[in-house]
Structure formats: structure tokens, C-alpha cells
Amino acid sequence: MVELNQQNLIIMNKITRIFEANEVETIALSMVSLEIAKGEFVAIQGPSGCGKSTLLSIMGLLDQPTTGTYSLDSIETAELSGRQRARIRNCKIGFIFQAFNLIGDLTILENVMLPLRYRGWTTKQREEKAQHTLEKVDLENRMNHFPAQLSGGQQQRAAVARAIVGDPIIVLADEPTGNLDSKNAESVMEILADLHHNGTTICMVTHDPRFSTYANHTIPMFDGRIVDR
Amino acid sequence: MSICLEALNAAWTFLKRKPAFAGSAILALTIGIVCCSLVFNIFYSVLLKPLPFPDADRMIYIQGAEEFLNLFSENPAQFMERREYLHNIPYLAAIENGIVNLGGEGEPERVGAARVTADFFKVLQTTMFIGSTFQGMTSFSDDVVISYALWQHKFKLDRQIIGRTIRVNGTDYTIAGVLPRHIVFPGVVGNVDVYLPFVPGKDIFNSEAIYYEVLGRVRPGIDITIARQEMVSVMRQSGDQFLESSKKLQFLSFRYQISEASRSYLTFIQLSVSFVLLIACVNVTALLLARGIARQRELAIMATLGADRRRLILLGLWEGIILAGTGGLLGIILVSVSIDKLSEWLPLQIHTLTPLSVDWVVVTFMLLISVGTGVFSSVMPALRFSRPDLNELMKDAGIGTTSLTTSRGLKYILFVETVITTVLLIGAGVMIFSYSRLINVNPGFTPVNVLTVDLFPNANQYTNKNELSQFYQSILDKIKAIPGVNYASFSNHLPLTRHHTSSVFGVFRRDAPDSPIPGIYNQTSAEYFLAMGISLRRGRFFTRQDESYKHVIINESLSHRLFPNTDPVGKVISIGAVRNEFDIIGVVGDTRQFGLELPPRPAFYILTSTNPSSFMSLVIRSKSAPKQLESQVREAIWSVDPELPLRHMKTMTQVISESVEVWKFITLMMLAFAIIALIMTIIGFYSVFSYSVECKFREYGIRMALGATPFCIFLSAMRDGTVIVITGSLVGAFIAPIGIKLLSSYLFGVNPFDLGIYALIVLIMIGSAITTCIVPSSRASLFDPSAALWRQ
């Protein structure tokens, strides 16, 4: 692993991502380079299919670039094993999705406890931390409900709680307000803003220009490229 | 009606589009239907099929309760005379089963025969197909009635047969009638082909002790217990000496008598195979459910476009019925072509009065179970998916997190499948252990390199004991001259053979003349014990010199009963009602006479030369494989009597194997069904589990995003599958004893609740589940989380 600039949490250099299916190549990302400093709130904007989610996926170590280099918190990620990537996802990254992606079989509390389970915490430790986090998002009264029993806004707040329960250094949010009405969307954005004020780095993909205003700066994307800084 | 046809068309179109899905479902159902139908055919033929006699439910069978004691040998004629006083039993017939040499036209052969009294055909309530019954019922009557099968096989359906002569055991008889085709009667081996007039006292079979069976027909509306009370009452009035044992008189329905022995294990096998069919149904239900989950959006679109619930249910039901119907039709073809093979494979102990056939009852049964199977398999998926949640499905929310646990139907189905398979495997396991213990029982002799053949010398040719004795001795001399023969001997009662009747006589100590011990009478020649490999415990074996003396050898059981803690050699015993006295010259080891599963009984051996029997088994011990001697043995016997029919030429190893045929049959059936069930369960489990894992791709993506390593995902998927199997197999082990109770009389040397067997089967189930889950779980751990989370 190579030590890089301590100021930047994320450094991407000439990232290209090509998907191959039925001998047809699709270029999802092309020569993308960007830097995100610690504590920054970045919004990635662009039309559908421009590569926003692929970029987020590579940032979150869920995917690997075809070419180019990516370092996260001074760690060069190209040579990491699956186990090491999982460990970094668990300890340093929090994910929020448009479709909430809560596990339907688990209660809200169990969903929030899940990242801590992979961290090896005891049940008691997990419960205490998860309850505390759920209180932060005003879901302490819904802990034992299943996701299907909650409204969309409540589900997304639970998803935010799950993303931050492990105190990640960066939260990656993919259209976190996409499935919510404006009131619930505002509520979720307020939570993210609070996180940001408390020092967490946030990288959010959004369509909605209203919510781009929460960000320190916006990265516009089109056709797999960053078009303007 | 049009809705029904539309649904049928839609179901057919769907199945045509999914040939792999339809093929696997049809294969599972065909296997289940074929197995179930084949066993049902046996079950129906033996236990349910109407007997080929009019009003067969009025036919009764009378027997003594105590095994091996000859109920009617004291005075059968007197017993039969009572029928005149029996108001409720207007027809009563005595039957003496045996085997006769049939000569006259064509090759001489041995066929099943029965001597029957005058009322026999009235009890059967049948008339002749051609001709008439016996014209005269005297000791000297020379009329016979033959079966349709014999008429067809030996006389080529010649209608001029009536009045022609056939030779039965060397005596000429006139054919008086031919029975209708459907009238068959069970004999010693197979069905009876020749019916001779029976007047008690004249013994065509020349056997020393004869077991007369008594068959009757009660009046309409009369219960068997009332008929029995009347019989006991008549016996009491006549002051019969049999009265004291009248409590042991058993009245059974004829159906019960011929089928009772096989009822419990046939019921168990039918139950087991029904479970196999159930597993097939459950597999198809699981497949339909799994397909249904994938088709939820399609169904939602149909519902959005106006399809009501009835249409969606019909669509689901038709899919199941088409699958099962196709399986049923394939099943009928497969059963039709395999039924003859099944008949050949059936043990002789399973009596089917009529040959197994695919008749209308069997076809109806198969069609019914096919339709039933189709409806049963599809009703749950049809109901479940007939109410799609349009809002959720059209939004695509939740797709990708369907799991075994969320889809409770699938979970319960796999659980039920596991329970059933565990029960079947435990049943098979217990039977395998039982069978292996049984075939390893020491029979009391050494069967290796022993060849046997049954001889039935013609009674008219060898009219006195000397001639018969010389005949046997000549054969022994010829056999011993064959190179490779170590010992040769005769015996009238070969152990473990079904077609031998046994004679039991009272054996008395001199100082206890009123306390007889029942002993099995064995006639042998001098080298019998050496030929059979029966060990000597005390004294010595017979020699030719013993022929001049009244010497006897007894087995250990008789020795212990007669002379406990005393050396019996040199002691004198008396045998039978006439109290013939014999000197004991030796004690030999016990042999299992009537079955490996039955304990040895007291027995005694007397040299055959003193009073040779008209039926003997030749026993030959050779230096090498006895099968190689067969042709030389035939030549040697026919050099003495060229017309002597030879029957049952087989090795003692074969004899032992045949004696455990029923156990082998049950074990093989159980094993086959258990293996089929296990394979179907594994295949069903694999397909459903794989599908479930595919459905959970998004959940695994979420878990990976939250930090789960591939190994965590692997373990999580494995847990989903194995928990169901562990629970199911434990529940199966818990309820298995209920089914095994039915088999208790066919278990030997094994505890039906043997924890070792149960644990082994549970481990096999868990091992199978782990093996089955490994590949899908590995696939789950290799999911691309990015694709899973952002896939639409």
C-alpha cells in the first residue's frame, strides 16, 4: 500500500470501467479522475446511465476499475483481497441506497446491528450501539418492526442509521431521497447534513438540484465522464 | 367453460416455453406415480382385489391355533361328518395340498395338486367350465378336475378332454371337468392344477402326517363368530376328544387367511411408496412456488390487465394437472411394460390368486392419483399467486430479498420433504440392519458346496419299502461315484425349504411317559450330518451298521428338553403314539428348520432305510462349486430311473437365500424407495435452494456492502439450507418409530429404536444437505455486490 496525500480521503486517477456482455463492451466510466477531501460533502449529478452508480460502486469497494488507480484513506485499493475490501467497507464506509435495501426478514434493530456483527462485536454491544443510533434518527419506537411495517421515510432513516452505526469515515448515498416525498426527503437530507457537520465525509448521487445545495461542491457527469469541475 | 379452456391453453403455452422446468417436474411425478402404482398393484391383488369366487366374503378357513400340531390328523373323517349338524355352515370341505407327478401325455412334470372332499366346489360356488365335478366320492373314484391353466398349458384347450386319462403319481385318472379360467386355488407351491377326490384314509401323497385344511361357506348374513360358536357347540354335544382344545379352533375369513401374512409389510411398503409420491408432489409444488415467485410480475401484469382471481387459480391448477397428467400417462405405459417383470420378482410367499395386471382398477387408480397429484402440487402455488400485490410488484420493491425464510411455503415444503425422507431412510436402515443380521444367522449347517434335489419316486413303481429303500441306495451309490462328491445322503425334511411338510411326534423319556416333547421327525441316511455339515456334540454319527438297530440321533434342543444337564447318549426314548423305542447314539447341533428368524425346535433323526419316505431330498457335498455337478447328478439319477422327475435342484446357499425372500423383498423395496426419496429430495432441495439463493442476490449484496466477507455470505446461505434439514431430520427421526411399528414382525435382531441407526440417518441427511448447499452457497459468496445492489 502506498501512502498518499493525507488531506484527500479519496483519490481516483484515470478510472475506466468497461462491462462486457455477449461480446459487447459497454464503457461505464472513462478516464475519471477526482479527489474528495476529508470532511467534504460532494454531490454527483448527471442523467440516468451516465455512470454515477458505477462510480459510487467503485468508491465503495463493491466494484473494481478496469484501469486506473483508486486510493481510499491513503490505502491503494487495487491489490486488496476480498477480505480486506470487506473489512474496509465494514469499518470505513456507510452505504445508503435509493431502494433502502433493508433486509425484509430482519427487524429494524437487527438490520442496524448487522454491520457491527461483521465487526465481531458482542450482541450486547451491538444492541446498545444500534439502539443509540436509532434514537438519533427518531426510530427508537420502531426498533422491533420489520421494514415492511414502516413508511418509506422511516425505512430510509433506518437505512441511514445502519449506514452510520459503525461510525464510518465516509457515507456513500445513492439517490437517498429518490423514493421519498419532499418532507421525508428533507428529513433525510437534514440527517446527512448533521453527519457532515460532525466531520463525516459524504458523497451523494442525486438527480435533484434542490439537494445539491447541501454539498460543498458538485461533480457533474455525462456519458461516463466528469464534464466540468 | 371458456375461462377453463383459456387457462388450460395459457398453462400449456407456459409449460411449452419452459421445457426444462416441465421436464423435471414430469420426471419427478412419473417416478412417484410409477412406484406408487406398481406397489398398489401388488397391494390391490393381494389384499383388496375380489377373490375369484362368488360371495367370497362368506368363505371361511378353519385351523388349529397351535402351529405344527396337526389339528385334524386324529380323525379328519369324524371332523368332516359334523357338517351335517352345522346349520350355519352348509358347505364344509377338507383339502389336502400336495405335489404330484403328472404323466400320460407329454413330458412328465410335477404340479400342484389337492385332494378335496365333495363340497369343495360348492364352497367355491363354482361350476365347471367344461365337464362336471367328481362323479363319485369313494376311495376308488378315479375322476379328477383340472385347472384352466393346466388345460391350456398341457392340453392346448382341447374341448374333447373330458373322459381322457391322465396319470397322477402312476395311477390313471379320468378327467371329469375343467375349472373356469378365473377359478384358482393356492397350493403348496403356486396354484393347484389337479383336484382329486378326497376320502379321508386314502393318501395319494403317501405322506406320514397330513395337514388337512378345512374350508367352509357360511350362510348369507351369518357372522364368523356365530359359525364358530355353532361348531364348538356341536363338538361339545358329540363329546369329542378335541373339545378340550376347541378354544384353539380358529375361524378366519378365507381372504384373511391367504393374505394376512403379507398384510403388515405390504401396508408399510404402500405407505412408504405413498411418501415417495408425496415427495414428488412436494418437489413439484416447490418448483411451482419457485417459478411463481419469478412470475409474480407476469401475474401482476395479467391482473392489471383484468385477469380475475379465478383465472389465475385455474392457470396454476392446470399447470399442475398437465404436468401430473403427462406423468400419469407415461406411468401407465411404464407400469404396463414392467408388470410382468414385477410378477417374476415377487417372492412366492406373496399369494396373488390372479396374475398382476394393469386392469381398469389400476388404470383408474393411476389416473386418479395423477389428477390428485396435479391438484395437490399446484393448489398451494395457485392460491398463493392468485392475489399478487400489484403495487409492490410493479414498483419492483423487495425483489431480490425473497428467501427461504420469507417464502414460508417453500420453507415448510422443504421441511416436510426432509421429514418424509428421514422416515423412509430410517425404515430402510432398520430393515437393512435386520436383513444383514438375519442372513448372518448360523443355520446350524454349512451350506457352502452343498447341492440338493427333490425326488418323488413313483409310488406304483416302488410298491414296498424294500424296493424304495433299494432305489434310494442305488442313487446314493451312483452319486458317490461322481468325482468331486464328498458325501451324499437323503433327508425327508430339508431345513429352510417351504415345500417340505414336517411331521411332529411326541417324544417320551422312559421315566416320564406322560410328558411328551414335540419333536420334528427327520428321516436321513447315514452321511446326512457330514453332507450338511451339521456338527456332532456328543456320541457319534450314523453308520450303515445302524440300519439293523433302532438307533436315533437327537438335536441339542431335544436333548436339553428331555435330559437337562445329563448326557443322553445311551438313553432310550420312545416316539409317537405307538411308543417305538430307540437308543440315542448321538447329539447333533441345532439347525434352523423353518426359517433363519425362528429358533431351532427339538428334532430327532432316524435312518431312512427302516421306513423310507416316498419323498426325499438328495443332499450332496462336493469338493468344489456344486453347480458344476448338476448334469452329472441328473445323469446318475436317471441311470437308476429315467422317468424320475427332478425338482428344486439348487444349492443350500440358494435355499437359504430363498428362505429370506420376503425380508429381502421388503428390504430392497424400502431401500429403493428411500434412495429414490433421497435423490428426489436432494434434487428438489438443490433446485429450490439454488433458486432461493438467486432470489436473495440483493440481500447478499447488502450484506457485502455492510462488510460481510464472502465467507460470511457462504455461511449465511449454508445456514439457511441446513437449519431446515437439521430440524426436518430430527422431527423425522422422532416420528419414524410410528411407521416402523408396522414392520416389527419383520425385524430380526435389531432394535426398532436403535439410536445408532437413527443418528446415522440424521447424519446422512445433514451430510446430504451440506453437500447440496455447498455449490449454491459458494455461488452466493461470489455474487458481484455492485451488480446485486444496482441491478434492476
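Is B:Pro355 buried or exposed? I looked this up before anything else. B:Pro355 is exposed, because its relative accessible area is 63%. The classes I use are buried under 20% relative accessible area, exposed over 50%, and partly exposed in between, with a 1.4 Å probe and protein chains only.

**Ground rules.** I am working on a predicted model, where local features need pLDDT of at least 70 and side-chain atom pairs count only at pLDDT 80 or more, while totals for chains, interfaces and linings use all residues. Residues are numbered from 1 along each chain as its sequence is written, chains are lettered from A and ligands numbered from 1 in the order in which they are written, and side-chain values use heavy atoms, with hydrogens and water left out.

**Entry: B:Pro355 and its setting.** I placed B:Pro355 in the loop between helix H9 (309-345) and H10 of chain B. Helices are DSSP runs of H or I with at least four residues, strands are runs of E with at least two, and both are numbered from the N terminus. I then checked B:Ile42. In sequence it is 313 residues from B:Pro355, yet the C-alpha to C-alpha distance is 9.6 Å.

Entry: I found a nonpolar surface patch of about 350 Å². Its members are B:Val371, B:Val375, B:Val379, B:Met380 and B:Leu383. A patch takes residues with over 30% relative accessible area and no salt bridge; nonpolar side chains (Val, Leu, Ile, Met, Phe, Trp, Tyr) are joined within 5 Å, like charges within 9 Å. Areas come from the Shrake-Rupley method with a 1.4 Å probe; for residues, only the protein chains shown count as cover. B:Leu383 sits in helix H10 (residues 360-384) of chain B. I list B:Leu383 as partly exposed because its relative accessibility is 41%.

**Entry: sheet in chain A.** I traced an open sheet of 4 strands in the order S2-S1-S4-S5, with antiparallel pairing. Strand S2 (24-37) and strand S5 (75-76) are the edges, each pairing on one side only. Strand S1 (residues 8-21) pairs with S2(A) over 10 bridges, antiparallel. Two strands pair if DSSP finds at least two bridges between them. I noted one bridge by residue: A:Ile18 has A:Ile27 in S2(A) as its partner.

**Entry: B:Ser525.** I located B:Ser525 in the loop between strand S14 (512-524) and helix H14 (528-532) of chain B. B:Ser525 counts as buried because its relative accessible area is 8%. A polar atom of its side chain lies 2.6 Å from the backbone nitrogen of B:Phe490. Beyond neighbours within four places in sequence, B:Ser525 is in contact (heavy atoms within 4.5 Å) with B:Leu476, B:Ser489, B:Phe490, B:Leu607 and B:Thr608.

**Entry: salt bridges.** The criterion is a side-chain nitrogen of Lys or Arg within 4 Å of a carboxyl oxygen of Asp or Glu.

- B:Asp55 bridges to B:Arg58 at 3.3 Å between the closest N and O atoms. B:Asp55 is partly exposed at 42%, whereas B:Arg58 is buried at 15%.
- B:Arg540 meets B:Asp546 at 2.8 Å, N to O. B:Arg540 is partly exposed at 33%, whereas B:Asp546 is buried at 2%.
- B:Arg703 bridges to B:Glu699, with the closest N and O atoms 2.9 Å apart. Both lie in helix H19 (residues 697-705) of chain B, 4 residues apart, about one turn of the helix. B:Arg703 and B:Glu699 are both buried. Shared partners join B:Lys696, B:Glu699, B:Arg703 and B:Asp720 into one salt-bridge network.

Note on methods: Polar contact = N/O pair within 3.5 Å; in protein donor to acceptor, adjacent residues only side chain to side chain.
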